[in-house]
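This report is for a reader who has not seen the chain before. Please look over the sequence and the structure first, then go through the sections below.

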Amino acid sequence: MSQLLYDSFKVFDEAALKFRTFILAFSGGKDSTAVAILLYKWLSERVRRGEKTPHIVLLHNDTLSEIPEMEEWVDDFVKQFKDNLLRLGVKLRVVFARPKATETWYWRVFVRGYPASTFNFRWCVDMLKIEPTEKALRSYRSHVVVVGSRDEESGARARSMASRFGSCTGGGSCLGAYFTVSNDIPKIAPIRFWSYEMVWAFLKAQRDFDVEKLFNLYRGLASSGSLGGRYGCWHCTLVTRQAANYYRREYLYAEAVRLIYKAVSDLA
């Protein structure tokens, strides 16, 4: 773990030589939370040594489709992050990127009659995530986006990361494997090679932020005492079962709506 922490700090150091602004892509999940705290720790070290720090932008893509507990956690962490960076004297701007009223899932489905998303027609990803985020990024110059993507998330993610970031075969520095440029947007993935266990161990060990709400969110998804599961839009039809709803009785109605929507769309 210590070597991975060292590597992550080196990634930030290298990025700071090239970019004036770090844009932290914060979803509210465990990985983006770990990256945010890691960035804070790196900034703390820079301030302690009297070194220049980049401007920080916390960018949250709000799809307007998360369960209330996730929205509450995001608001809570953003406030903590703002307070901590204020104490450091580091400049921070918080941006919530949201789809336009006529681009939300609700408008597209209930007014325009859009079908359920499939792996071949993922219209929701473009309208709810990519377009609002890219619009928010256009106003920044000399910036790098800090993401919480990890190879271990899934086989598909590992292949995607290898394609975009390259691979690390050993025998030399792997620093380049943390950097990429996608659609003219430079990105760094400081925890790319962290495992699931490493992420939770880091979150448990740190004492700079109160992450109990995050742990409670993931405990709600646990089926065997683990902290497994992933969060996403409650209406996502690209998953077999929406665990965020399934394990909370008060959201079973939302799971029913999702399944009915998918079934009706499949008949069309």
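## A residue in a loop

Where is the place of L64? L64 sits in the loop between β2 and α3, the latter covering residues 68-88. The phi of L64 is near 65°, which is a positive value in a residue other than glycine. With a relative accessible area of 32%, L64 is partly exposed, because buried means under 20% and exposed means over 50%.

S142 is found in the loop between α5 and β4 (143-146). Its phi is near 50°, again a positive value in a residue other than glycine. The relative accessibility of S142 is 26%, so S142 counts as partly exposed.

## Confidence of the model

The structure is a predicted model. The mean pLDDT of the chain is 88, and 92% of the residues reach 70 or more. Confidence in the chain is highest in strand β2 (residues 55-61), at a mean of 97, and lowest in helix α9 (residues 243-246), at a mean of 66.

## Strands β1 and β2

Strand β1 spans residues 21-25 and is joined to β2 by five bridges. The two strands run parallel. One of the pairs is formed by T21, whose bridge partner in β2 is H55. Strand β2 is mostly covered, with six of its seven residues buried.

## Helix α2

Helix α2 consists of 19 residues, 30-48. From its first C-alpha to its last, α2 reaches 27 Å, close to the 27 Å expected at 1.5 Å a residue. Just after α2, G50 takes a positive phi of about 75°.

Is α2 mostly covered or mostly uncovered? Helix α2 is mostly covered, since 14 of its 19 residues are buried. T33 belongs to helix α2. The relative accessible area of T33 is 0%, so T33 is buried. T33 and W105 are 72 residues apart along the chain, and their C-alpha atoms are separated by 26 Å.

Strand β5 (residues 179-182) and strand β6 (residues 185-188) pair in the antiparallel sense over four bridges. Among the pairs, S182 has I185 as its bridge partner in β6, and V181 has P186. The hairpin of β5 and β6 has two residues between the strands. In this hairpin, N183 takes a positive phi near 55°.

Strand β6 also pairs with β4. Two bridges join β4 to β6, and these strands run parallel. The bridge partner of V145 in β6 is K187. In a regular strand the side chains alternate between the two faces of the sheet.

## The cavity

How many cavities of 30 Å³ or more does a search of the whole structure find? The search finds one. The largest cavity has a volume of about 40 Å³.

Its lining is made up of W105, S117, W123, C124, H235, C236, T237 and Y261. By type, the lining residues of the largest cavity divide into five nonpolar and three polar, with no charged residue.

## The second largest pocket

The second largest pocket holds about 230 Å³ of space. The residues that line this pocket are A97, R98, P99, K100, E103, M127, E131, P132, K135, A136 and R138.

Which helix gives the largest share of the lining of the second largest pocket? The largest share comes from helix α5 (residues 123-137), with five residues. By type, the lining of the second largest pocket divides into five nonpolar, no polar and six charged residues.

Terms used: Residues are numbered from 1 along each chain as its sequence is written. This is a predicted model: local features need pLDDT of at least 70, side-chain atom pairs count only at pLDDT 80 or more; totals for chains, interfaces and linings use all residues. Side-chain values use heavy atoms; hydrogens and water are left out. pLDDT is the predictor's confidence in each residue, from 0 to 100. The expected span of a helix is 1.5 Å times one less than its number of residues. Buried means under 20% relative accessible area, exposed over 50%, partly exposed in between (1.4 Å probe, protein chains only). On a 1 Å grid over the protein atoms alone, a cavity is a set of points where a 1.4 Å probe fits but cannot get out, and a pocket is an open set with protein on both sides within 12 Å along at least five of seven lines; lining residues have an atom within 4 Å of a point. Grid points are joined across faces, edges and corners, and a volume is the space filled by probe spheres set on the points. Ala, Val, Leu, Ile, Met, Phe, Trp, Tyr, Cys and Pro count as nonpolar, Asp, Glu, Lys and Arg as charged, and the others, Gly among them, as polar. Two strands pair if DSSP finds at least two bridges between them.
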